[in-house]
Amino acid sequence: MSVLDLFKLDGKVALITGAGSGIGRAYAEAMSEAGAAVACADTDASAAEEITIPTDVADKAQVGEW
């Protein structure tokens, strides 16, 4: 049995903040590999332009736009 068998996330949605680099990006990739539909957010759009929604989750107005 693989680790992914233990953590299947098919049909789940994950919102990952800080997905542009480091732990956030690694976590977003891992959640995706486990089968989740992943929404990635980061304040630095250039760091993860392909996978993120430029967002500051501390700004209620930006989060409300989704």
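**Strand pairing**

I began with the strands: strand 1 (residues 13-17) and strand 2 (residues 37-42) run parallel, joined by 5 bridges. Two strands count as paired if DSSP finds at least two bridges between them. Helices (H or I, at least four residues) and strands (E, at least two) are DSSP runs, numbered from the N terminus. Across this pairing, I found Ile16 opposite Cys40 in strand 2.

**Housekeeping**

I am working with a predicted model, where local features need pLDDT of at least 70, side-chain atom pairs count only at pLDDT 80 or more, and totals for chains, interfaces and linings use all residues. Residues are numbered from 1 along each chain as its sequence is written, and side-chain values use heavy atoms, with hydrogens and water left out.

I checked the confidence next, with pLDDT being the predictor's confidence in each residue, from 0 to 100. The protein chain averages 82, and 88% of the residues score at least 70. Helix 2 has the highest mean, 91, and strand 3 (residues 52-54) the lowest, 68.

**Overall fold**

I counted 3 helices and 3 strands in the protein chain, in the order α-β-α-β-β-α along the sequence. Strand 1, helix 2 (residues 22-33) and strand 2 form a right-handed β-α-β unit. Right-handed here means that, with the strands pointing away from the viewer, the path from the first strand over the helix to the second runs clockwise.

**Core**

Which residues make up the largest nonpolar core? I found 7: Ala14, Ile16, Ala19, Ala28, Met31, Ala36 and Cys40. Strand 1 and helix 2 are the elements that give two or more residues to this core. Such a core is a set of buried Ala, Val, Leu, Ile, Met, Phe, Trp, Tyr and Cys residues joined through side-chain atoms within 4.5 Å. Buried means under 20% relative accessible area, exposed over 50%, and partly exposed in between (1.4 Å probe, protein chains only).

Strand 1 has a covered face with Ala14 and Ile16, while Val13, Leu15 and Thr17 lie on the uncovered one. Setting aside neighbours within four places in sequence, I see Ala28 in contact (heavy atoms within 4.5 Å) with Ile16, Ala19, Val38 and Cys40.
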